[in-house]
Amino acid sequence: MAQERVALVTGGTRGIGAAISKGLQAKGYKVAANYGGNDEAANAFKAETGIPVFKFDVGDMASCEEGIRKIEAEVGPIDILVNNAGITRDGAFHKMTFEKWQAVIRTNLDSMFTCTRPLIEGMRNRGFGRIILISSINGQKGQAGQTNYSAAKAGVIGFAKALAQESASKGVTVNVIAPGYIATEMVMAVPEDIRNKIIATIPTGRLGEAEEIARAVEYLAADDSGFITGSTLTINGGQYFT
Ligand code: NDP
């Protein structure tokens, strides 16, 4: 029953993650929200929602192990994991520093290992789990200026396909949501002229809302969504790519 299930949302205090945390809470899940460093936003989110927040770096194995142990002790064994935390460090590849490359790979791709590995054995042993990974349209089609981000987000899709096959017989599903451009701080940080050019390429003529991603997470998290695994759900306002 959803009422008894515990969900961890990484990067769950701002942007898309905050909408996911709130959406799952509204559906009756016990939610824990992770964040990386913005205490002010996390505290405001906690005050608004009553959802407990847990600060740890999703790129660091030891921090994730400790953070997840704490969540499982305080909130309960995690049934639903939403690997949502992510960053961008854009730049043309021929000018890109290795630091920018590594920062994006560790937060967006290493986090698939660091946040999933400590809790998947529990899911397998209990015979139920929902792992939902937030990729991106730019991992599907590639994006100039985002070789690091496109590589990490494409990696997320490969990870999901492999883990889905390993986990299916244990009642653990693994799915990806690939959002297009959503109105969060990440996208609002893109210069307005470039943002307007992006919006012009979206058939719906607008950016997506974080709540529109949250709705899909709720669908994939549900107890009766057990036949959906290894899939990638694109939510991008009709942007076409090959
Ligand atoms: P935001 O920048 O608005 O929020 C990012 C969240 O991730 C924050 O809660 C942040 O914590 C957390 N975070 C960042 N780094 C770490 C870290 N090392 N450890 C723990 N938490 C961390 O991002 P969005 O809501 O826009 O994006 C959410 C996800 O959706 C990302 O994976 C992104 O790549 C993906 N996405 C976004 C799209 C968009 O259009 N916005 C499009 C496609 C995909 P803190 O507040 O402490 O910084």
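Predicted model: local features only at pLDDT ≥ 70, side-chain atom pairs only at ≥ 80, totals over all residues.
Residues are numbered from 1 along each chain as its sequence is written, and side-chain values use heavy atoms, with hydrogens and water left out.

Helix H1 (residues 15–26) and helix H9 (residues 210–221) have axes that come within 8 Å and cross at roughly 50°. The crossing of H1 and H9 is right-handed. On the H1 side the contact (heavy atoms within 4.5 Å) is made by Gly-15, Ile-16, Ala-19, Ile-20, Gly-23 and Leu-24. H9 contributes Ala-210, Glu-211, Ile-213, Ala-214, Val-217, Glu-218 and Ala-221. By class, this contact of H1 with H9 has 9 nonpolar, 2 polar and 2 charged residues.

Helix H3 (residues 61–74) packs with helix H4 (residues 98–126) at an angle of about 40°, their axes being 9 Å apart. That angle makes H3 oblique to H4, and H3 passes H4 in a right-handed crossing. Met-61, Cys-64, Glu-65, Ile-68 and Glu-72 of H3 meet Phe-113, Thr-114, Cys-115, Arg-117, Pro-118 and Leu-119 of H4. The residues of the contact of H3 with H4 comprise 7 nonpolar, 1 polar and 3 charged.

Concerning aromatic rings, the charged end of Arg-5 sits over the ring of Phe-128, 3.5 Å from its centre (CZ of Arg within 6 Å of the ring centre and within 35 degrees of the ring normal). The structure holds 0 aromatic pairs (ring centres within 6.5 Å).

Terms used. Axes fitted to C-alpha atoms, helices over the stretch in contact; angles between N-to-C directions. Helix = DSSP H or I, 4+ residues; strand = E, 2+ residues; numbered from the N terminus. Left-handed = near helix turned anticlockwise from the far one by under 90°. Nonpolar A, V, L, I, M, F, W, Y, C, P; charged D, E, K, R; others polar. Phe/Tyr/Trp six-rings, centres within 6.5 Å; stacked < 30°, edge-to-face > 60°. Parallel < 35°, antiparallel > 145°, perpendicular 65-115°, else oblique.
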